[in-house]
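Dear colleague,

I am passing on the structure below, which you have not worked with before.

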Amino acid sequence: MNKNKNPYKFFSNYVLRTPLLSFDYYKKLTQDEYVSDEALKECFNDPLIKESCFLASPTLFFELEKWVKGELDTVKEDKVRLSFFKYLTRMCTRCTPFGLFAGCSLGSFGDHTSIRNSSPVQNKRHTRLDMNYLVALSQDISKKKQIREELMFFPNTSIYQTGDQIRYVEYYYINNIRQHHVVEVENSDYLQKIFAKAKVGANIQELTEVLIEEEISREVAEGFIEELLDSQLLISELEPSVSGPEFMSHILEVLKKLKNSNEEVKLLTDIGMRLKDLDKRLCNPPNTYISLSDKIKDNPTPFDIRFLFQTDLELRPEENKLSFSLMKSLKRGMVLMNKLTLQKTDDNLSKFKEAFLERYDEREMQLSKVLDVETGIGYIQGGVIGDFNPLVDDILLPQQDDFYRKTTIVHNKIHQILEEKLIHCEKTNGKKVVFTKNDFDDFPINWDDLPDTLSGMIRIVLEDNCEKILFAGMSGSSAANLLGRFCHGDKKINDYTQKIVDTEAEMNPEWKRRT
């Protein structure tokens, strides 16, 4: 087998990422020495840019409105003007998806490369409520007595036993930010019987009866079950899951099965319809969002409007194809990257593997027990096991410089070749360092330590009518990792990601046997 042969094959599609506005828009805006206030205000009055700014930062949007009306002092004007110009620059030059600033689209391969974006208003968008808000909302709903009595409850999925104790992860919110910590409680026969009953789901009445059968009074039994619910040892069917439908759809699905949730169902259904109405078009006036946020206030769960709406942009380009020849070049580039990548022997995962084998040998272990920093080995090795205290964890103490600390300089064959190229470039007054495949022909190559699928990001550059690839490499434990965020809003990307996952499952039939 040819050692330089790349064993990877490309899927039948790729994902294009581009900013909302073209670079020509930016060049026209900055064609003069200065960008005038009039030009910036004209940009802001564009309905699409106005909506994009509101979704990115409502605070800045409100300040921009004051600026347009001449209601800001000179110092604040300068700050607002600069911030707005930075946002415009991002909308024209950066393709990382963020609100309406940039988006994605599924493309295919062909005989030639042709990528032509359509007018920005032809793109499609998908809007949902912030996940942190929805989780807080679901918690508040589950605490309502008439709803709580109907809900099904299950054991906390993070529960694990250590000695005579039970540990699990509890979460709470501080300033709309989710915080987690490990809680330890004493194990008991009562707890185990309740967990057994709740394994397939049980309501409060059914769980209470488990304790009453143990000759515990109803009052004490009800109080104990309420304590388990409040401490999150038992979680309701309203809790979010890692996969599945969007969480708001899940909440509605659960509530519609209950008898006493008509008010909540009506409110959430109305909010959902308004979100769908927003997604029918681009260029929605910001007042539409403000009106919707006022409607959401009908529910007492607090929120910050800066983070309330999460929007993804689905691009609708006129043409979206990459050439097969470009992909062949990319595969050759992967060979070079493989040769230049040193095998990692001292990273966190390698150290974790060594610590696991030393502690547990080849035993199968519950991951939560292994990652416990007190009774297991934790993930990050080399720290002080068990030295965790929420009172001081966020205190950073400055380290004193060690002026006599030894410094190790690594110099290998790759550095030698690079050094020779740089010296040659300096002597010949060159402006470029050019590498050829012959420079690294003798380097070893190894494909055995790589995952089944990989993902990478490239940029295509036209230089003197020559198509070139800006390629930083490929990485990730799966090609599906980067795409998961966009599956809920784009069916094509969702189907493509599922195809990647199915391919990996076919390559690893033992996964099914384990599950």
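The notes below go from the whole chain to a few local regions.

This is a predicted model, in which local features need pLDDT of at least 70 and side-chain atom pairs count only at pLDDT 80 or more, while totals for chains, interfaces and linings use all residues. Residues are numbered from 1 along each chain as its sequence is written, and side-chain values use heavy atoms, with hydrogens and water left out.

The protein chain has 20 helices and 13 strands (DSSP runs numbered from the N terminus, with helices being H or I of at least four residues and strands E of at least two). Its C-alpha trace spans about 90 × 65 × 55 Å along the principal axes. Of its 515 residues, 36% count as buried (buried means under 20% relative accessible area, exposed over 50%, and partly exposed in between, with a 1.4 Å probe and protein chains only). Where contacts in the chain join residues at least 6 apart in sequence, 69% of them join residues at least 24 apart (contact means heavy atoms within 4.5 Å).

An open sheet of three strands is arranged in the order E6-E7-E8, with antiparallel pairing (two strands pair if DSSP finds at least two bridges between them). Strand E6 (160–162) and strand E8 (177–186) are at the edges and have a single partner strand each, so one side of each is left without a neighbour in the sheet. From one strand to the next, the twist averages 40° (axes are lines fitted to C-alpha atoms, for helices over the stretch in contact, and angles run from 0 to 180 degrees between N-to-C directions). Strand E7 (residues 165–174) is joined to E8 by ten bridges, and Ile 174 stands opposite Ile 177 in E8. Helix H6 (residues 131–142) lies across E7 and E8, and runs at about 115° to E7.

Asn 187 is found in the loop between E8 and helix H8 (189–198), where it is buried, with a relative accessible area of 17%. Its side chain makes a polar contact of 2.9 Å with the side chain of Gln 192, and another of 3.5 Å with that of Gln 161 (a polar contact is a pair of N or O atoms within 3.5 Å; within protein, one must be able to donate a hydrogen and the other to accept it, and residues adjacent in sequence count only if both atoms are side-chain atoms). Leaving out residues up to four places away in sequence, the residues that Asn 187 touches include Asp 164, Gln 165 and Ile 166.

A further antiparallel pair is formed by strand E12 (residues 455–463) and strand E13 (residues 466–475), which eight bridges join. They make a hairpin with two residues between them, and Asp 464 in the turn has a positive phi of about 55°. Ile 460 has Ile 469 in E13 as its bridge partner.

Among the helices, the axes of H3 (residues 47–56) and H13 (residues 286–296) come within 9 Å and cross at roughly 35°. Lys 50, Glu 51, Phe 54 and Leu 55 of H3 make the contact with Pro 286, Tyr 289 and Ile 290 of H13.

Leu 252, in helix H11 (residues 247–255), is buried, with a relative accessible area of 13%. Setting aside neighbours within four places in sequence, Leu 252 is in contact with Val 265, Leu 268 and Thr 269.
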